Amino acid sequence: MTAFLLSLPFVAVLALIFIGLGAMLFKRNLIKILMGLSLFESAVNLLLVAIGYRQDGVAPIFTHVPPHTHMVLPTVQALTLTAIVIGVATLAMMLSFAMIIYRKYGTVDIRNIRKLNG
Amino acid sequence: MRPTLFIGILLILFSGLIHIATDLSFGQPATTDLDDYFLRHAQEHTGANNVVTSVVFDFRAFDTLGEATVLFTAVLGVGILFRKLHPGEEYEHD
Amino acid sequence: MNLLWLLSSGSGTWNPLLWLLAFIVALAAAWFIRSFGRKDFREGLQQEPFISGNEEPADGGGHIPASNLYWGFLESLSGYYSRLIPLHTGILTDYVAWFLGVMAVMLVIALIV
Amino acid sequence: MVAFVVTFGFSYALYLVLTAGSGIAPWFWSSQELLLGAIVAVVVGLAARTFFSSSRPRAGLDPRRWVRAIAYVCGPFFLELARANLDVAYRIITGRIRPGIVRVPSGMSTDLGVLFLANSITLTPGTLTVGIDEDTHDLFIHMIYVPPGLEDREAIDAREIFAMFDCPRWIRRITE
Amino acid sequence: MILTVLIWVALAIGLSFNTLGIVGILRFPDIYTRLHADTKCTTFGTIFTSLAVVLYALRVYVQTSDGQYISLIFHTLLAVVVLAFTNATSAHAIAQAAHRRGHKPMPSVTDRLEEIRP
Amino acid sequence: MATLLQHLPALLVAVPLFAAFTLPLVGRTGAPARTAWVFLGALLTAATGLLLAWQVFAHGPLLYVFGAAAPHVPTPMDSGGIPIRIIFQIDALGALMVVIASLSSLAIILYSLASDSRHSGKDSFYSLLFLLVAGVLGMVSTGDLFNFFVFLEISSLSGAALVAYRVDKGQAVEAGLKYALLSTVGALAFLVAVGLLFAQYNALNIAVVASRLQFTPLDQIALVLLAIPLAMKCGAVPMHFWTPDAYSTAPSSITAFLVVSSQASLYGLFRILFSLYGHLLEFSWLTFGWFLIILGVLSMFIGVTMAIPQKDVKRLMAYHAVSQTGYMLLGVGVGLAVLGNAEALTAYGRTAMAGGLFHILNHAMYKGLLFLTAGAIFFRTGTRNLNKLGGLGHHMPWTMVFFMIGALAIAGIPPFNGFASKFLIYESVFRFSPFLSIIAMLVSILTLASFVKVFHAMFMGAARTEFAQVREVPIPMIAGMAILAAVVIVTGLMPRPFIDHMILPAVNALVDRADYIAAILGGH
Amino acid sequence: MTPFLLFQALLLLGLIITAILVVAFKDLLFSAIAFAAFSLLLALEFYLLQAPDVAIAEAGIGAGLTTAILIIAIRGTKRLEEKE
Amino acid sequence: MSCWILAVLVMVSLMLLAMVRLFLGPTSADRVVALDAINTLVVASMIVLAVVFRQILFVDVAIVYALLSFIGTLFIAKYLGGNL
Amino acid sequence: MNMTKIVRTTADVLYPFCLVFGLYIVAHGHLSPGGGFQGGSVMATGVALLIVSRSYTAILQRIRKEALKLCEAIGLLMFLVAALSGLYIGGSFLHNWLAGAGGLFGTPVAFGPNPGTFNTAGVVPILNLAVGLEVLGGLAVILLYMLSGLRENTP
């Protein structure tokens, strides 16, 4: 139980990943699928930040830092920053795709967006 | 039929990925030599107080270039999607 | 010289040069045979071609469309194709599901084996 | 030009507020911050001068208005805010409400004045700006408790909805 | 000492107003009245919690005369001012949008806005 | 000049990026300036790539540490022997991919200068093309997991945008959406794996992670999460569905480069399986070797059988691309399966891998050539439907010749290069398992059959009236196709020097994992 | 059960609830609103995990601009999901 | 010191309560109200958490928050008003 | 269509605020939380505020898309040039040759907790500014493009 509580963020990450994947698998609406993708993305960001956390660490900024002994890991935060911007770029592009598809096909239902098959 | 299959896939994935929650220990990273290096030497090597910034813009600046490129790509991609087509510009005849 | 051309797989060898030679010989033979032809042939002098005794339809009508090629092959394998082609649904969710499914299977294999 | 100066001043002040405490003990700001703030303010002034202070830019040059604005926010506005909150808390607890939307001619001539008044009204006494007439600057205000008899009047003076102070006058003196 | 008490009091006031705001959101019958509760109470509560922080910073500054607490005060004040400003405007925007969308103020005695907008 | 040579790995990415960033500015000055700029950029990119590859093949693997004072010292003095910065590590395998990408990018950009000349949005088009090139070049040369992810995203986003370039009917957008979404999901799974590895070993450099790997359950999960997305991106069969969609609707020049892009994913897959996870216990070698083999066989067979009934010429070729990817997976998979068995490895394992890797080079060339010819046909006739085409051999003789070269190469007809690599695969796989080899040959026959159909449908028959106006394509397009055709013929006629100087070093770079690690960490 | 852990548990609970709401709402606009709330809470979680840089980025990009482009996309397509 | 963390705990609980309105709210405007309330509470708790962590610079995040979540609300309001 | 005058005026007032704050975050990226992306996104939100408060046609008269694109391109090129400058100096691509070298940004900092001064960190502030400009231009242009697509989507 204690171990479970201690790894709470990872449990949340797992839950969020599966909520996102579930949205991608079970939803028909393209925008909803992209929201699920974005949830997945956020979950990954949370995972990255959570693995860099150290018990009672402080943020890795030396300006006005309180006199603590250790800091949380900076690398994962840097990676997460990159991942966030990549995520928003991807999302913006895919939402534009969805808008054009709606303009051309008249639907965003994923079952009807299948002119390319076979 | 299909939803059952999807649920099965998700369940199997879950049973595998549950290791993320059970095996990783929150708050106690196993090895930290790379980050300890950053924390110890960031100020001396880059002169930046914010270690995250010094990682983003010095130690791993190439990632940042790539990331800026991704944003540029997205801008170009969105622009290319919403561009004005020339009159009579048509690609697919069938 | 031989080393430059010879391709060895450990159990067999292949020499592209020989194949090139064979091609050149074949081309030479073709040219040779062609040179036996009538020198006074001109465009438009020949007879109209016949297909099974009928005149050739105008404007490429005698051209067999691509879909009709290998009709027998597709027909004989229709059981296989009737299962395979419906798998390519074109639905995005299915694409993701296949990806996740393979991932799930491999996850099980990697964790158990 | 005037617009640029006003925007420049606003940005510079903002930057100085942001970096307050950066200097060594007797000084509030370090010299670098002052210099950088000037550069930033010039850039922002150039970029935003057509938006900030689009109407009546010359008014922004008057320092007394700025002082009055700060005084207004700290004094009458805050007290009205406190009173309004007590009122709303009372309504929340008791559930005694009598809502309605009334029309209030603001009497403001500048955009900034309307903005200030509308935001003051929204934050203060049991009232919420719902709409605005773009030409006459009449505000439409949702009141959480319309005093009986008020709903029949065509328009209500802005002073009536503030309980303690004459806020519209304050705002007029600040912005016009 | 007095400052400590003041901090406690400010924090208590802030929290109670925040609570009242949330209760109001949950309890009030229609969108406009909920907006009242949201805009006023939570903003006011946040002002008071921030006031507690400002008082705390002031206390520490008096003790240590460390310049960073000045910046804490200013940044907190700035955050609160911005928050009040944006909250008021967004409340107006929501109310206006809701009205334009046709949400009538449900229990209401008068609606002058309805008269000028067909 | 010497200093510039020293910084080649950085320039490899910087040159296409610079071209891409400046194109929107240059393009405003007019079409001739843009064309010149694009041409210059392509030439410089290709030159950089080829020079770099030459250096690698001549002098051994290159390291480049981004941001360090000394770019060739991977570990700083004070770090305790770990690399801290992003390192480009280009060994023979990477150099092989760089050669492929450089050659194709040059040919493709030349081609597209003419083929896309009448379309709108050309600044963005060429910018994105350069970004795609930069993404692929970065993917194949980086030695850092997260950096690989970033370049993966660059290449997939720019690829998706380019796939959707022909927005007018919406099908291209649909394909682009599918490509982008699947790529993103895959990249996110990849990122999860990077996070898991980082959480345990606190390193992102592939060599460092490889040296610290202990194969805990988390590592196994990470392996799956790393390998499957890359297998998906290269178009292996149960996850190949995006391939025909994206390849068939994209502009032909883009399709030709998407092939290279998916092979960069293949490179990533091999890098992960061999260099990162290469020291697994033997059953895992077998497991993942058989995983690659099964994926390969499925890809080969299903790809080619799905290709036969297609009517759309590019869709047909896309299925063939899937099928040819199977050969590479099969060859390298056999190598992976026998990695623990030194005797079998020397007997046929390395040959199989050499066949697989040689096939990557060959496939990029002839499949690029085929897609470019299909694009040429589309450029002049405006249709990709095989039933509507016919008799084009009268009007487009050069295209027909190039198509014939490509078709014979893909079908594995000697003396073209397809045969050279397939020969190696057949012979070595036969010693591993005869059944697989027979399947490979069968697939080759079916490929030939399929291309006979395409050739017949497009070029044979009497000239048609509706194509009476059709002429041969412009010179730049022919030049682009000619470059690829020349490479196809040269590699077909003289496979031996390529095998000896490029492929076998690449095979050794894959197999000898200790060298890869030692290049970064020093010692053995 | 330190206050920190309790705090985090509540926050993560909120995160999961909002994530479920994002998926569960049939109306895409509601989903977008829930997504904004999700981003807010996620940023608070980042803040709690001592990553202020990431929190600012998530605040600016996740809560602000992502909502904006989601709303634009919803406006550009259809607001309601189709019935199953 | 514990009073601060207690305050934050209360505010997070309040956020969870506001989520009830996010879930229930009959119209989208109600949900935006809940979002706004959550937003305000997040800013407040960020300011307080800066004191808890003794990290003065963390207040910057709160300012960004107060400034930026506004944009999402405005986009939603513009959409609701039918102006977008 | 426009939003009300109140919202418009708020946007006008908050726009310089966003810019100042974004530039503050960019400039202090190496000292306090924040940096190029964050500051850029704050500035982009300022532009988005203007965009949302007015109609698309009205905003195109006030903001030039070309200027934003130029901003983006300049940011990217600045990044690349700063990266290549390290190569010219003799280090490597992206080498931080200014740090610790004296001069404008080269002041070395003391180790450990310190209040921090602005003129440290070498190339990092320049890269921060470059990325800030790029993100500002990029995100704003994305929004404008999507809005332009919106106009065509509605019949």
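Thr9(I) sits in helix H1 of chain I, which spans residues 5–27. Keep in mind that this is a predicted model.

**Thr9(I)**
- With a relative accessibility of 8%, Thr9(I) counts as buried, because the cut-off for that is under 20%.
- Leaving out residues up to four places away in sequence, Thr9(I) touches Asp111(D), Leu112(D) and Leu115(D).

**The sheet in chain D**
- Chain D has an open sheet of three strands, ordered S1-S3-S2 and paired antiparallel.
- Strand S1 (100–105) and strand S2 (127–132) of chain D are the edges, each pairing on one side only.
- On average, neighbouring strands here are turned by 35 degrees against each other, ignoring direction.
- Helix H4 of chain D (residues 111–123) packs on this sheet, where it touches S2 and S3 of chain D, and its direction makes about 140 degrees with that of S2(D).
- S1(D) and strand S3 (residues 138–143) of chain D run antiparallel and are joined by six bridges.
- Gly100(D) has Met143(D) in S3(D) as its bridge partner.

**Leu24(B)**
- Leu24(B) is in the loop between helix H1 (2–23) and helix H2 (33–46) of chain B.
- Its relative accessibility is 7%, so Leu24(B) counts as buried.
- Beyond residues up to four places away in sequence, Leu24(B) touches several residues, including Phe10(A), His19(B) and Leu196(F).

- Chains B and D share no contact, and their closest C-alpha atoms lie 15 Å apart.
- Chains D and G share no contact either, with their closest C-alpha atoms 16 Å apart.

Note on methods: Residues are numbered from 1 along each chain as its sequence is written. Chains are lettered from A and ligands numbered from 1 in the order in which they are written. This is a predicted model: local features need pLDDT of at least 70, side-chain atom pairs count only at pLDDT 80 or more; totals for chains, interfaces and linings use all residues. Side-chain values use heavy atoms; hydrogens and water are left out. Helices (H or I, at least four residues) and strands (E, at least two) are DSSP runs, numbered from the N terminus. Buried means under 20% relative accessible area, exposed over 50%, partly exposed in between (1.4 Å probe, protein chains only). Contact means heavy atoms within 4.5 Å. Two strands pair if DSSP finds at least two bridges between them. Axes are lines fitted to C-alpha atoms, for helices over the stretch in contact, and angles run from 0 to 180 degrees between N-to-C directions.
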